[in-house]
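Here is a short tour to read with the model open on your screen.

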Amino acid sequence: MAEIHVCFQGGDCKVIFRQYLHENPVAASYLFGCGTEGQGAVVDPVDDVEFYVREAERAGLNIRYVFDTHLHADHISGGRRLAERTGASYVLHRSADVRYTFHPVEDGDVLFTGNTRIQIIHTPGHTPEHISLLVSDLRRADAPWFVLTGHTLMVGDAGRTELASSLEEGARDLYHSLFEKLMKLDDQIEVYPGAYSGSVCGRFLSGKPSSTIGFERRFNVALQARSLDEFIAFMTQDIPPKPSDYERIRLTNAGQ
C-alpha cells in the first residue's frame, strides 16, 4: 500500500493529511485533521480498522468523524467498526437506506475537526446517497484547499452509475453533480478521489491518484462539453463488468 503524507505550518505539523492507496480492493482512503487541536477524520476506510487507529495515534489525532462517501459495492467498509472502536461519529448522507444509527448530513452542512472545516456536498450519481467533502484549513484561509470526491469525480473519468440505480437515472444525477456542483469550484482546488486505475468503478481512470478541478475540467473525458443527453449516452456505453457479489456487499454495508 502506498501512502502520501502532507504536513503544513511548520515543524509542529498544524494540518495533517494522509492518502492511503489500497490494491485489494483498488481504493483510496484518507486521514486528515488539525494537529493543533488533535482532531481528525477518516474517509472511506477499508476493513482493516486497526490500521487507521495506529495511523491516527502516530499523527497525534483523535478520530472525531468517520465518513463513507457512499455505500460501497466493491468492498466491505470499515467505517462503522472504526467509529465504534474510536467513539467517533459515523457520517453518511441522510438519504442512506441503512439499518443502523449514523450521523446524518445533507448538502451544505459543515463539520469541524479543530481548525479544519468540512463542507458537505451531496453528489448523487454513482449512488443516490453519495457525498463529497470540501475541506478548508482555517489557519491559512477560509477558501477551500481540497475536495474528496469518492466515486463521483475521479482522475480521468467519473464513476459508473448503475450499481444502486438505473444506468440512465444515475447518469442524469451525476451530470448535475458534476456540472452544477463540482465544476463550480475554483480551478486550484485539489481533487482526491476514492479510487484510481484498476478499480471497477470507472472506465478511463488514471493511475495518478490526485488532480485539480482545473486540470480535470480541461482533460477529464467525462467533463468535455456536452448536453445532458450526450452525457447520458457517454456514461451508458463501455460499462465495465460489475464487481463480484456487489449486491451482497452493498447490502452488508447497509447493515442488511
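A pocket here is an open set of points on a 1 Å grid over the protein atoms alone, where a 1.4 Å probe fits, with protein on both sides within 12 Å along at least five of seven lines. Its volume is the space filled by probe spheres set on the points, which are joined across faces, edges and corners. This is a predicted model, so local features need pLDDT of at least 70 and side-chain atom pairs count only at pLDDT 80 or more, while totals for chains, interfaces and linings use all residues. Residues are numbered from 1 along each chain as its sequence is written, and side-chain values use heavy atoms, with hydrogens and water left out.

The largest pocket has a volume of about 150 Å³. Lining residues, those with an atom within 4 Å of a point, include Leu 71, Asp 97, Glu 129 and Arg 250. By class, the lining holds 5 nonpolar, 2 polar and 3 charged residues. Here Ala, Val, Leu, Ile, Met, Phe, Trp, Tyr, Cys and Pro count as nonpolar, Asp, Glu, Lys and Arg as charged, and the others, Gly among them, as polar.

Now to the helices, which are DSSP runs of H or I with at least four residues, while strands are E runs of at least two, both numbered from the N terminus. Axes are lines fitted to C-alpha atoms over the stretch in contact, with angles from 0 to 180 degrees between N-to-C directions.

| Helix pair | Axes come within | Crossing angle |
|---|---|---|
| H1 (residues 49-59) and H2 (residues 79-86) | 9 Å | roughly 50° |
| H3 (residues 167-180) and H5 (residues 228-235) | 9 Å | roughly 120° |

H1 and H2 are therefore oblique to each other, as are H3 and H5; oblique is what remains after under 35 degrees (roughly parallel), over 145 (roughly antiparallel) and 65 to 115 (roughly perpendicular). In H1, Val 49, Glu 50, Tyr 52 and Val 53 meet Arg 81, Leu 82, Arg 85 and Thr 86 in H2, where contact means heavy atoms within 4.5 Å. That contact divides into 4 nonpolar, 1 polar and 3 charged residues.

Finally, the backbone. Asp 44, in the loop between strand S4 (39-43) and H1, has a positive phi of about 55° although it is not a glycine.
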